Amino acid sequence: MKVTLSALDTSESSFTPLVVIEFAQDVKEETKEWLKNRIIAPKKHGGAQLLFRPLLNKYEQETLENKNLYLVGASKIRMLLGAEAVGLVKECNDNTMRAFTYRTRQNFKGFDDNNDDFLTMAECQFIIKHELENLRAKDEKMIPGYPQAKLYPGKSLLRRLLTSGIVIQVFPLHDNEALKKLEDTWYTRFALKYQPIDSIRGYFGETIALYFGFLEYFTFALIPMAVIGLPYYLFVWEDYDKYVIFASFNLIWSTVILEVWKRGCANMTYRWGTLLMKRKFEEPRPGFHGVLGINSITGKEEPLYPSYKRQMRIYLVSLPFVCLCLYFSLYVMMIYFDLEVWALGLHENSGSEWTSVLLYVPSIIYAIVIEIMNRLYRYAAEFLTSWENHRLESAYQNHLILKVLVSLATLLITSQILNQIVESLLPYWLQRKHGVRVKRKVQALKVDIDATLYEQVILEKEMGTYLGTFDDYLELFLQFGYVSLFSCVYPLAAAFAVLNNFTEVNSDALKMCRVFKRPFSEPSASIGVWQLAFETMSVISVVTNCALIGMSPQVNAIFPESKADLILIVVVVEHALLALKFILAFAIPDKPRHIQMKLARLEFESLEALKQQQMMLVTENLKEEPKESGKEKAT
């Protein structure tokens, strides 16, 4: 018998809580009741058909604080139907990867009607997030109880509640038992070992697992550069030989590691199922707005927004603004160089102690100014990217990353060791102090409640919110820039990067497990636009290293009079190296052969299934034609 969403019960009083919704203080009861009804309402009536209850019952709310915390979950059947709706891909009994459907659920490996472990907790929380974000206004003009919070057809209800301050936050709960097991195999015992990437994916989702996988891979990929860099630093070489050998190796290294990563990434994401997910048909992001209409491809009702308006906003507003900010940052850099020259001249003329101290003042001022400029620019970039009104979350993230990467040169001064302290160790210490206070408060309570769940929710709601992998990838991108651009002049750059990354793995793991709230899982098939950013940097490194070779005294001595010939030869060599780089990139396939074969087989089977479906429709139509002609004759 086919199970439909309308057959599901949404009135279960006891269920496994997966997501927490925190309302603001003194939110009106009619607003809570309205949102509750929309969450538990059937899908055909515009609801999410999920389970919803307060953390505390009426008696407990009179005794305790935190009356505005609510728990969201879903029944097992609802989760399975939700997995089909979001397009999760699972492994079948024949070892192939296919999109999950409830009708064919018995064909999938590990599925059992009596087993609740088929979907991971991260996948269940992703499904709930998807359903909550796609609760959209129908005929409501405002949020009940708040006439200033306007609504229009197609507007995301959760987005409006968050921007209006009615809902403070929505976050998934940790699974303390599973988290403890993950920590034991990940970072609690300091040892040189591979990370449990599959376990990280099962708990945090593909996006975060891919970051830690790339961090581990990039760290090991840096080791050859570090090993080669050490003798260059310890022993005296002729500059010309050093530049040529190091630049040549740098070219091959930067190209090969990125191509090999793409192959490893394809292996992982195929095994996880995200390589096959149809992301082009994903639901619009909550911040996307437009006129409510029917998507011509999916047939679903959703906001529609003309792409030409988005392009006009990008090219007429965002692009000029980014160029202006880049010019301003370069202008500030020129001022810094002038101050450096002024301080150096003053010190050479006087030679006193206070002028030697003055030599550091321009760098300190520049660091402070650049940090302020970067924060302001980051805020402006986020505002502009949101204003551009991208339909998909992936498109929003890609445009944000491209904007922020323009301030790369100013970010090179950031200290990675200081970042680890600020990002992980300091928040972890503060979080532990807060946890002790909460435990004492809970132990002092004399009421009959689920103290473990209550304590967990109170602790986690005060944790910081993980804003995504952007800053983490940016640190690795800066490292790659240091190594690929400047390793010829400073061969120890790769060695220091390796040492930093061995501690970065543990500090980032601590940050994810104990400092921040658990982030919602987000399916990913690659590291996204960061792959393009790294590849672009590797191209720039070819130009930079060729320029370093051209500026070396040994090369200049070969062309003492004709600098034009020198420049011409450097340009020719640079183009030859770039051609070699692109040949290497083309020669190394992005996906391993066995993955290509499996994808081709799935595509062939899909086409065959489509042909059979079309043949059945044609056959049915042919059967109907004689009946209709017989009726016409009888008439």
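**Helices and the rings between them**

Reply: Over residues 566-588, the chain is 96% helix and 0% strand, with end C-alpha atoms 33 Å apart. Here helices (H or I, at least four residues) and strands (E, at least two) are DSSP runs, numbered from the N terminus. This is a predicted model, where local features need pLDDT of at least 70 and side-chain atom pairs count only at pLDDT 80 or more, while totals for chains, interfaces and linings use all residues. Residues are numbered from 1 along each chain as its sequence is written, and side-chain values use heavy atoms, with hydrogens and water left out.

Residues 566-588 are one of the stretches that an unreviewed UniProt entry annotates as "transmembrane region". UniProt positions are given in the numbering used here, feature names are shortened, and annotations may be inferred rather than shown by experiment. The annotation also covers residues 357-377, a span that is 90% helix and 0% strand, with its end C-alpha atoms 31 Å apart.

Now the rings. The structure holds 27 aromatic pairs. Rings of Phe, Tyr and Trp (its six-membered ring) pair if their centres lie within 6.5 Å; planes under 30 degrees apart count as stacked, over 60 as edge-to-face and the rest as tilted. Trp-186 and Phe-212 are edge-to-face, because their ring planes stand at 80°, with the centres 4.8 Å apart. This pair links distant parts of the chain: Trp-186 is in helix α6 (residues 176-186) and Phe-212 in helix α8 (residues 206-234), 26 residues apart. Trp-186 is buried, with a relative accessible area of 5%, and Phe-212 is buried at 1%. Buried means under 20% relative accessible area, exposed over 50%, and partly exposed in between (1.4 Å probe, protein chains only).

Helix α8 also takes part in another pair through Phe-214. The rings of Phe-214 and Trp-261 have centres 5.1 Å apart and planes at 70°, so this pair is edge-to-face. Trp-261 lies in helix α9 (residues 239-272), so the pair ties together parts 47 residues apart in sequence. Phe-214 is buried at 2% relative accessible area, and Trp-261 is buried at 3%.

Rings can also have a charge over them, which here requires NZ of Lys or CZ of Arg within 6 Å of the ring centre and within 35 degrees of the ring normal. Arg-518 has its charged end over the ring of Tyr-203, 3.8 Å from the centre. Arg-105 lies over the face of Tyr-102, at 4.1 Å from the ring centre.

Helix α17 (residues 470-486) gives a check on helix geometry. The expected span of a helix is 1.5 Å times one less than its number of residues. For the 17 residues of α17 the span should be 24 Å, and the end C-alpha atoms are 23 Å apart, which agrees. Of those 17 residues, 14 are buried, so α17 is mostly covered.

What about strands? Strand β1 (residues 19-23) pairs with β8 in the antiparallel sense over five bridges; two strands pair if DSSP finds at least two bridges between them. Phe-23 stands opposite Val-167 in β8. Five of the six residues of β8 (residues 167-172) are buried, so this strand is largely enclosed by the rest of the structure.
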